[in-house]
Amino acid sequence: MKSVKVDDLQIGMYVNLGKGLSSNTILEAQFLIQNERQIANIMDQGLESVAVDPARSNVDISDYDDSTTELDVPDDFDPLENIAAGLQETIQDENITPREKAKAVYDHSIQMMKAILQKPSSENILHGKEMIATLVDHILVDDSTAECLTQITSHDFYTYTHSVNVGMYGVLLAKAIYKGAPDHNMKELGAGFFLHDLGKCEVPADLINKPGKLTAAEWEMMRMHPTYGERILANSNHLNETIRPIVVQHHEREDGSGYPSGRKGPHIHEYARICTIADVYDALTSTRSYKKKLSAIEALRVMKEEMISHFNQEMFGHFVKLFIKH
Ligand SMILES: [Fe+2]
Ligand SMILES: [Fe+2]
């Protein structure tokens, strides 16, 4: 194995993303790079370098420096604990600009969601929720970091990145709607937004990223993820009345066209309606295996002109305002 800097990755290299990034269902751990998009996706993970297998690569990589040791992860490495400590340090550091803090919060959150989706154990979800509480606190008190978060556009089609994006947009939108009203538990709400798609860890990854249309049977499987998510959280004792409606109802639509229950308007919990707006926006602005991403303005226009019957209009109005510079 050779360690190759992400900037030097080329088509034809056989990469091994290692156990820190691999997951049996979410992300392929080893593959031959066949196009630029795969390189862009690896770059989006925030890594400095990745392991490349010279024997399985189609290009000569004998010239690459392999002195980097950061890929050697000790067996007792506790990713979530280290991530949490790193996040705390960054948030408290007065020498770091809001823009850099926003990027660090985002990167740390992605690492956290990776760990949770890889192993959604009770312990990992607990660590994750503690971390989410820290960053929700930060988003609530620090407006400049919050503003920067809306500008971070590092997207890909992996579930953990999507979870973090929806988590961030959800918290920002809830903050705009509730304006600090004490009857909403923002930390639990944040956890709900981050964990809304947790059930996808039980749906095969090739289905989640399948280009083109799903068959009826595949679609049926996909539609189970809210139910799977509810079950995982219930089994790990992390389900409560703030998180449950978000996980279960985030695919319900204002006009009754959603799933799993076809609930309408006021019968959909308001927390789930917030999540829906964040979820659809992120789906439109992310590159998926089967489509190109839209810009923020294009996505908001599509949501308003083609999908407005899916959303609560007042909440959508608040969401649009998040993107208008003051
Ligand atoms: Fe979902
Ligand atoms: Fe989602």
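This briefing covers the fold and the iron site of the structure above. The model is predicted. The protein has 326 residues, with 15 helices and four strands. Two iron ions, ligand 1 and ligand 2, are 3.4 Å apart.

**Iron ion (ligand 1)**
- Four protein residues donate to the iron ion (ligand 1): Asp 197 through OD, and His 225, His 250 and His 251 through NE2.
- These donors lie 2.1 to 2.2 Å from the ion.
- The angles among the four donor atoms run from 85 to 175°.
- In sequence, the donor residues follow the spacing D-x27-H-x24-H-H.

**Asp 197 and His 250**
- Asp 197 coordinates both the iron ion (ligand 1) and the iron ion (ligand 2).
- Asp 197 sits in the loop between helix H8 (186-194) and helix H9 (205-208).
- His 250 sits in the loop between helix H12 (243-249) and helix H13 (270-285).
- The pair therefore ties together parts that are 53 residues apart in sequence.
- Both Asp 197 and His 250 are buried.

**Whole protein**
- Buried residues make up 51% of the protein.
- Among contacts between residues at least 6 apart in sequence, 69% join residues at least 24 apart.

Key
Residues numbered from 1 in each chain as written. Chains lettered and ligands numbered in written order. Predicted model: local features only at pLDDT ≥ 70, side-chain atom pairs only at ≥ 80, totals over all residues. Heavy atoms only, no water. Donors = N, O, S within 2.8 Å, 3.2 Å for Na, K, Ca; no water. Tetrahedral: all angles 85-135°; square planar, octahedral: opposite > 155°, others 65-115°. Helix = DSSP H or I, 4+ residues; strand = E, 2+ residues; numbered from the N terminus. Buried < 20%, exposed > 50% of the residue type's maximum accessible area, 1.4 Å probe, protein only. Contact = heavy atoms within 4.5 Å.
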